[in-house]
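Open the model in your viewer and get ready to select helices. Each stop says what to pick next and what is there.

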Amino acid sequence: MDLKLDGKTALVTGSSKGIGEAIARGLASEKAIVIVHGRNRAETEHVAGEITAEGGRAHAVTGDLTVDNEVERLIDEVQALAGRIDILVNNAGGSGEPEDWANSRPATWAAAYDRNVLAAVRVTTRLLPDMRKAGFGRIINISSLAGLMPPAGRPDYSACKAAMNAMTSSMAKAVAAEGVTVNTISPGTIRSARLDARFREVAAERGVAADAGWETIEQAVLPLFAEVPLGRVGTLEEIADAVSFLVSPRAGYITGVNLRVDGGMLPAI
């Protein structure tokens, strides 16, 4: 299926590694022009360079999205490199220091909200006016299943992702008539480098051979972390594929949706 992304320009925040990197690579494979963003210049330029070497089109930009002036500079740089942005994927954020209700501090919540929610607001409010004026735009907010199924730990992170879900719903209603769609993707248990390392560590503690294949490790460890009806963790590519479809012109009648890519973990429709 041709997703009709050839020539569309996409900014993917937090795309120097992990889910964001996979999304950037996926969009580039669909012939979109991708702006790779990160805070570490070497890592960011490495990803953009690999995309270009593989025949894609990519630029690298760096900046701290929790600082207003940095965001202004970054967006100016993005527009100078690639012109108007058609697609924005708000992926930057993540959890900070692990806290629970025994030691959670207001300062941790404030920092998490700034890093996850306000960072997305800063970038979106700069790019949204041009999308509305052009009559086309795609915004994807990368949330988490934690926003729908909050665990006992890291309550600040779950609350931030729930806020992103609400932000998506509000924005989608505000701009739907102007050709701009806004959707959320909520990943479940996904095989990132961090998850891979943690699974292998736990597997070793349970006596699984160090040279065991991933499927053996996965089946030994996954039940300790999550009940996934599909019986496996998701892949980065599966998140990227979902994003590529939702940002395409083919998904023009889908807005205000929170798409769970979770292997059926949420026990509800």
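**Stop one: α3 and α4**

Select helix α3 (residues 68-82) and helix α4 (residues 106-134): their axes come within 9 Å and cross at roughly 40 degrees. The crossing of α3 and α4 is right-handed. This is a predicted model, where local features need pLDDT of at least 70, side-chain atom pairs count only at pLDDT 80 or more, and totals for chains, interfaces and linings use all residues. Residues are numbered from 1 along each chain as its sequence is written, and side-chain values use heavy atoms, with hydrogens and water left out.

Some terms first. Helices are DSSP runs (H or I, at least four residues), numbered from the N terminus. Axes are lines fitted to C-alpha atoms over the stretch in contact, and angles run from 0 to 180 degrees between N-to-C directions. Right-handed means that the near helix is turned clockwise from the far one by less than a right angle.

Now show side chains. Asp-68, Val-71, Glu-72, Ile-75, Asp-76 and Gln-79 of α3 meet Arg-122, Val-123, Arg-126, Leu-127 and Asp-130 of α4; contact means heavy atoms within 4.5 Å. These residues divide into four nonpolar, one polar and six charged. Ala, Val, Leu, Ile, Met, Phe, Trp, Tyr, Cys and Pro count as nonpolar, Asp, Glu, Lys and Arg as charged, and the others, Gly among them, as polar.

**Stop two: α4 and α5**

Among the contact residues are Trp-109, Tyr-113 and Leu-128 of α4, and Tyr-157, Met-167 and Met-171 of α5. By class, the contact of α4 with α5 has 17 nonpolar, three polar and three charged residues.

**Stop three: the cavity**

Which residues line the largest cavity? Select Thr-13, Leu-65, Asn-90, Ala-92, Asn-116, Ala-119, Ala-120 and Met-164. About 40 Å³ of space lies there. A cavity is a set of points on a 1 Å grid over the protein atoms alone where a 1.4 Å probe fits but cannot get out; lining residues have an atom within 4 Å of a point. The volume is the space filled by probe spheres set on the points. α4 gives the most to this lining, with three residues. The lining has five nonpolar, three polar and no charged residues.

**Stop four: α1 and α2**

Finish with helix α1 (residues 18-29) and helix α2 (residues 41-53), which pack at about 25 degrees with axes 10 Å apart. That makes α1 roughly parallel to α2. Glu-21, Ala-24, Arg-25 and Ala-28 of α1 meet Val-47, Glu-50 and Ile-51 of α2.

Methods:
Helix = DSSP H or I, 4+ residues; strand = E, 2+ residues; numbered from the N terminus. 1 Å grid on protein atoms, 1.4 Å probe; cavity = no way out; pocket = protein on both sides within 12 Å on 5 of 7 lines; lining within 4 Å. Parallel < 35°, antiparallel > 145°, perpendicular 65-115°, else oblique.
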